Amino acid sequence: RGVREWELLREKSRENYETARDALRVNRLNAAANRFYYSLYLAIIVELEKEKGRTPQHYNVSERTLDDEGEWPHKTLVYRASRDAGLDDSEMALVAEVHGQRVIADYKPFNAQRELLRFYEPRIRGLLEALGVLKT
């Protein structure tokens, strides 16, 4: 990817965060969980690829594990690569927890949890600020 593509991913990360915040405000919990997660997912990809020079192949991700565009598998990014992006234990736990809410929102027969999303929101904002997606 080039500089413009990384900037576009940062813009998408910011847009996803803002959309999630708005969705949470009007109690659209599943949309909020999904968008909060993707705001983090995209920000971490930029940090890994642009700042650290990492690709999914650094983590022995096979070609058959990658999607059609060669993008990062979620579990690899959440549970392995985020440490290399500079996340500490509490930030990695946050990403994993938000990923869990996204899985609930997208695949389970119940809703993401409002109280958890409200608790995560300022922590997500702080992490996105640290990753250069949001301004302080």
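Visitor: Which helix does Glu 11 lie in?
Guide: Bear in mind that this is a predicted model. Glu 11 has a relative accessible area of 33%, and its C-alpha sits 9.3 Å from that of Leu 42, 31 residues apart in sequence. The helix that holds Glu 11 is H1.

Visitor: Is Glu 11 buried or partly exposed?
Guide: Buried would need a relative accessible area under 20%, and exposed one over 50%. Glu 11 comes out at 33%, so the label is partly exposed.

Visitor: How are H1 and H5 oriented to each other?
Guide: The axes of H1 (residues 3-25) and H5 come within 11 Å and cross at roughly 150 degrees. The crossing is left-handed. Angles over 145 degrees count as roughly antiparallel, and therefore H1 and H5 are roughly antiparallel.

Visitor: Which residues of H1 make the contact with H5?
Guide: On the H5 side you'll find Arg 114, Leu 117, Arg 118, Glu 121, Ile 124, Arg 125 and Leu 128. By class, the residues of this contact divide into 5 nonpolar, 1 polar and 5 charged. From H1 come Ser 13, Tyr 17, Arg 21 and Leu 24.

Visitor: How many nonpolar residues does the contact of H4 with H5 have?
Guide: H4 brings Ser 90, Glu 91, Leu 94, Val 95, Glu 97, Val 98 and Gln 101, which meet Leu 116, Leu 117, Tyr 120, Arg 123, Ile 124 and Leu 127 in H5. Sorted by class, that contact has 2 polar and 3 charged residues, and the nonpolar count is 8.

Visitor: And what word describes H2 relative to H3?
Guide: The axes of H2 and H3 come within 10 Å and cross at roughly 50 degrees. Roughly parallel would need an angle under 35 degrees. With roughly 50 degrees between the axes, H2 is therefore oblique to H3.

Visitor: Which residues of H3 make the contact with H2?
Guide: H2 supplies Tyr 37, Tyr 38, Tyr 41, Ile 44, Ile 45 and Leu 48. The contact divides into 9 nonpolar, 2 polar and 1 charged residues, and H2 passes H3 in a left-handed crossing. The H3 side is His 74, Leu 77, Val 78, Ala 81, Ser 82 and Asp 84.

Visitor: Which element gives the largest share of the largest nonpolar core?
Guide: That core has 42 residues, and Phe 36, Leu 117 and Ile 124 have the most contacts inside it. The elements giving two or more residues are H1, H2 (29-51), H3 (74-84), H4 and H5. The largest share, 14 residues, comes from H2.

Visitor: Where is Ala 112?
Guide: Ala 112 is buried, with a relative accessible area of 3%. Leaving out residues up to four places away in sequence, Ala 112 touches Leu 29, Asn 30, Ala 33, Gln 101, Ile 104, Ala 105 and Leu 117. Its place is in the loop between H4 and H5.

Visitor: Is Ala 33 buried or exposed?
Guide: Ala 33 is in helix H2. Beyond its neighbours within four places in sequence, Ala 33 is in contact with Val 98, Gln 101, Arg 102, Ala 105, Ala 112 and Leu 117. Its relative accessible area is 0%, so Ala 33 is buried.

Visitor: What separates the C-alpha atoms of Ala 33 and Tyr 120?
Guide: These two are 87 residues apart along the chain.

Visitor: Which contacts does Leu 117 make, leaving aside its neighbours within four places in sequence?
Guide: Leu 117 is one of the residues with the most contacts inside the largest nonpolar core. Its partners are Leu 24, Leu 29, Ala 32, Ala 33, Phe 36, Gln 101 and Ala 112.

Visitor: What is the phi of Asn 27?
Guide: Asn 27 is in the loop between H1 and H2, and is partly exposed at a relative accessible area of 44%. Although Asn 27 is not a glycine, its phi is positive, at about 65 degrees.

Terms used
Residues numbered from 1 in each chain as written. Predicted model: local features only at pLDDT ≥ 70, side-chain atom pairs only at ≥ 80, totals over all residues. Heavy atoms only, no water. Contact = heavy atoms within 4.5 Å. Helix = DSSP H or I, 4+ residues; strand = E, 2+ residues; numbered from the N terminus. Nonpolar A, V, L, I, M, F, W, Y, C, P; charged D, E, K, R; others polar. Axes fitted to C-alpha atoms, helices over the stretch in contact; angles between N-to-C directions. Parallel < 35°, antiparallel > 145°, perpendicular 65-115°, else oblique. Left-handed = near helix turned anticlockwise from the far one by under 90°. Core = buried A, V, L, I, M, F, W, Y, C linked by side-chain atoms within 4.5 Å. Buried < 20%, exposed > 50% of the residue type's maximum accessible area, 1.4 Å probe, protein only.
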